[in-house]
Amino acid sequence: MDDQPSTQGSIIRDLISDRGPSIAIIGAGFGGIATAVKLAQAGFRRFTVFEQSQGPGGTWWDNRYPGCAVDIPSHAYSFSFMRQDWRSTHATQPELLQYAHDVLDRFELWSHFRFGTRVDEVQWDDEHGGYVVRTAHGDENFDVVVSCLGLLNVPRIPDWPGLDEFAGPMFHSSRWEHDHDLGGKRVAVIGTGSTSAQVVPAIAPYVGKLFVFQRQPGWIMPKGDRVFTAAERRRFLRYPILQKLRRVKLFYLDRRRFKGFDAGSAMQQELRRLCVDFIDSAIDSPAVRAAVTPDYPWGCKRVVVSSDFYPALNRDNVELVSKAVTRVTRTGVVDSDGVEREVDVLVLATGFQPTKYLASLRVRGPGGIDLHAAWGDEPRAFLGITVAGFPNFFILYGPNTNGGFSIIAQLERQAEVVVRAVARIHRRRAAVDTRPSALDRYVRWIDRQIATHASAMEAGCTNYYHAPTGRNVTQWPRAHAEYYVITKLLPRFGFVDAKARS
Ligand code: NAP
C-alpha cells in the first residue's frame, strides 16, 4: 500500500537471506507441484508446500468417482518438463495421481511437502515484510505466499427442500462414498456436466435403475479416446521428440478450434454440426435426442467431452429426466412437474462454486485489508496471478485463467511468473506488488477479449463462469498460446517494488 512503513525495504533486505526468499505454497495439486519444480529448477530451495489432504494431486486426489479420468489428451494434460509413458490417449484418475507422485520422485521434492496441514489464513506482517501463515500447528513467517488452491474444489450443494431428510446415501461427486455398493440399486445422478458424463456410463452397467436429471443440456463432443498400442508406447519412449510433436499438434488443433467460441464464426457452426451429428448417431430415441440438444451456442457451457455418455442413455435401465429438481423426499426426487421418482442413492454431480476464489483462505494484506473485501463480488488479478495491494502474494488458477485447453500448461506459465517475481524479490531485496493501473488495463483487455473471441460463453445459458454481477470471472478468453505470450511479456510492466507503487 502507499502508506507502508518506509522501513519495510530495509527489513526485507535483512530477512531475505542469500539463499533466497522463504516461500509458502498452499496446495499440492498440479499448481503447487509446478511451482515447487520451477522454484527448485531456479535454485530457490526455501519453500514449503502445505496440503490439507494426505497426499499430492489436488483435484485428482479429491475426485475418485467411478469413471474419473481427464478429458484432455494426456500429452497436453501434463507438464512440458515431465514426460510419461501414457497407457492411453486420456489418463485415468489413478494414472494422474501416479503422475503427481512421479514428478515429486523425479525432482526429489517430497521433503518440501507437509500433508495433513491446512492453511486457514495468511496475514501480511509489516515488521517482517512478509506473511504470517496460520495453520492448526501454529504460525510461521514466510516472505512469499503462493496460493495453489485450485478452482473447482468447493462443491455446489443445491438448497432443495428436503435434501437433508433423504434417508439413503447422498453425496457430492467429488466426495464419492465408495463404501456403498450401488449394485442393483436405484440411483439418481443430478446434473449432466463433465463429471456426470463420466459417472453415468461407469455405473449404468451395474446399478438397477439410473435416473439422470438434466436441467439444461450441454454440448457434448466425442472423446476419441483409445489405448496406445505397444508399438506406439515404445516409439514415444524411444523418441521423446514424438511426444513433443504430439503435444504441439494438440495445442495447435485446440487453437484452431478455439475460434468456435466466437458465436458468429464458421467454426462455431462446424462444431455445432459435429455435436448434432454425434447426437443423431449415438442416441436411439428421438425424444431423448431432442431433450439433449441445446438451444444455445456451442461453447456457452464448458463443452463436455465423452464418447460413452450418449450410448449409456440408450440402456433400458437408464432414464433421462429432462426436468429441474424441485425437492427431495425421504425416499425420492421430485421434478418440476411434481413427479417423484423413488431412489436408494442420490449422487450430486452438481459442480462447484468457482467464482468464490480462495473461499477457504483468509488473506489479509498490508493495513489488514481482506482480499475478499477488496474484490467484492468480482475477483480480479493481473495475469490472473497478482492483486494490487497484496505484495508477494500470488495465485495460481486465479481469476480468468480457466481454459487454455490444458490447465496444467496454464499452471506451468503461472509458476514461471511466480519464479520470475521471486527472483526479482531476491535481486532487489524488496517486496513486489502490482501496479493498480496495470491490473485495471488487464481486466479491461480480458473483458474485450471475451466479448470478441469468446462471445459464446456470454450467450445466456447457465454456466459457472459468472460472478453475481454478471461478469465472467473464471475463463481465459483465448487459446493457450496467447497466455504463453502475455505471461512472458507483461510481468515487467505490471510488477513494481511494494514501497514504490504508483
Ligand atoms: P458442472 O459442469 O458445473 O455441471 C453441473 C451440473 O449440475 C450441470 O448439469 C448443472 O445444470 C447441474 N446442476 C447444478 N445445480 C443444479 C440444481 N440445483 N438442480 C439441477 N441441476 C443442477 O460440474 P461438473 O460436471 O462437476 O464439472 C465441473 C468442471 O470440472 C468441468 O466444467 C470441468 O472444468 C471440470 N471437470 C473436468 C474433467 C476433465 O476430464 N478434465 C472432468 C470432470 C470435471 P445446469 O447446466 O442447468 O446448470
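**The disulfide and the helix crossing**

Me: What makes the disulfide of cysteine 300 and cysteine 461 left-handed?

Reply: The torsion about their S-S bond is about -105°, so this disulfide is left-handed. A word on the basis: this is a predicted model, where local features need pLDDT of at least 70 and side-chain atom pairs count only at pLDDT 80 or more, while totals for chains, interfaces and linings use all residues. Residues are numbered from 1 along each chain as its sequence is written, and side-chain values use heavy atoms, leaving out hydrogens and water.

Me: Why do cysteine 300 and cysteine 461 count as a disulfide?

Reply: Their sulfur atoms are 2.2 Å apart, and a disulfide is a pair of cysteine sulfur atoms within 2.5 Å. The structure holds 1 disulfide.

Me: Why is cysteine 68 called buried?

Reply: Buried means under 20% relative accessible area (exposed is over 50%, partly exposed in between; 1.4 Å probe, protein chains only). Cysteine 68 has 6% relative accessibility, so it counts as buried. Cysteine 148, at 9%, is therefore buried too.

Me: What makes H2 oblique to H12?

Reply: The axes of helix H2 (residues 30-41) and helix H12 (residues 407-428) come within 8 Å and cross at roughly 45°. That makes H2 oblique to H12: angles under 35 degrees count as roughly parallel, over 145 as roughly antiparallel, 65 to 115 as roughly perpendicular and the rest as oblique.

Methods: Axes are lines fitted to C-alpha atoms, for helices over the stretch in contact, and angles run from 0 to 180 degrees between N-to-C directions. Helices (H or I, at least four residues) and strands (E, at least two) are DSSP runs, numbered from the N terminus.
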